[in-house]
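Please read them beside the sequence and the structure.

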Amino acid sequence: MTIKTIDRSLAAITKQVATKLSQVKTLEDIYAVRSEFTGKTSVLTQLLQSLKDVPTEDRPTIGAKVNQAKKEIESIIERALSLMMNRESLLKDEVRDIDVSAPFHTNNSKIPDFTGIGSMHPLQYEINRMLDIFTTMGFTPFEGRELETDYYVFDSLNMPKEHPARQNWDTFRTEDNLIPTPHTSNMQVRVMRHLKAAPLRAVIYGRCSRNEAVDAVHGHTFYQIEGLYIDKGVSISNMIGTISAFVNAFFDKNVTSKIQPGYFPFVEPGIEYLGQCPFCDGKGCSSCKHTGWLELVGAGMIHPNVLREGGFDPAVYSGFAWGLGLDRMVMQRNGIQDIRSLFASDIRFLQSSL
Ligand SMILES: [Zn+2]
């Protein structure tokens, strides 16, 4: 081996590597090429070992050339390996036949299978419980509407165009001027016109929206449950008795209560029904903001204008309506701190909640 012949020998070896790599079909084929040309018994290693027979003055030059060629060959082989790995993984994906609609863990072997059968969402669970309570009291359940017209959201509820109480509801509007309803009271006149006759007992549940900034205790989307009772000679004491029966059944204990005046344009008079905090028995805790009382239900005797809109003569019939925010009650009953958990679809929350 001399300086004159080394270039030719190295070029021949590099060409052989390229030829062999152009014929490989699997990763194993490439590993074989690598071992043949850069392994311990390879031509290149033999070349390096035979440097001792080269004249001393030529050794550095020839040694550098052999090392340079070895590096180039190694890098060609590495490139071939990485191309082949990509190709094989694409082929494997094709064969794996991924079901894109499957639960997320199905296609990822690193996530263990869920063995549970799933659980009901806390909101749905409490809606069912509340509807059960009202059904046993003789009320018929109705699901509310999510998109509503001005008439049912405001006008039919004693809030004509210029009424200042309209501003109490920061509503969204669609391009068609429909309103994602801000309360379930939009169903009051609809239900009255649907059922027509007294005694009328209806409970309405539904999703509502308000133009609220979202934080731990406010959401732009929430659920309400609302009830209507209309008959001859219905009094405010009937209303308080009905609400108390519901609250006691919901919290599964006799909840001490009090009422205070409240304003809602579609009732007269209006009240707020407060229950002694069932979590601390009135001593004060974070659920009741240390006041000992929880505002549980807004209610009142149905305004004569609303009865009239629904087709009931207020000279003959009277009735009451009440409504409550479901999310707040679900949070209180289940010790949930952040209202956003109810909408976040976090599997850890959903699995631990009920
Ligand atoms: Zn409390």
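1. A residue is called buried here if 20 or more other C-beta atoms lie within 10 Å of its own, exposed if 12 or fewer, and partly exposed in between, with the C-beta atoms placed from the backbone. Helices (H or I, at least four residues) and strands (E, at least two) are DSSP runs, numbered from the N terminus. The model is predicted, and local features need pLDDT of at least 70, side-chain atom pairs count only at pLDDT 80 or more, and totals for chains, interfaces and linings use all residues. Residues are numbered from 1 along each chain as its sequence is written.

2. In helix α8, the buried residues are M239, T242, I243, F246 and V247. They lie on the same side of α8, because they cover an arc of only 130° around the axis (the arc of the directions from the helix axis to the C-beta atoms). On the face turned away from that buried side, α8 carries the exposed residues S237 and G241.

3. Just after α8, D252 takes a positive phi of about 60°.

4. Strand β4 (residues 200-209) is largely enclosed by the rest of the structure, because eight of its ten residues are buried. With strand β1 (residues 140-143) β4 pairs in the parallel sense over four bridges, pairing being called when DSSP finds at least two bridges between two strands; the partner of F142 in β4 is I204.

5. β4 also pairs with β5, in the antiparallel sense and over ten bridges, and there S209 stands opposite T221 of β5.
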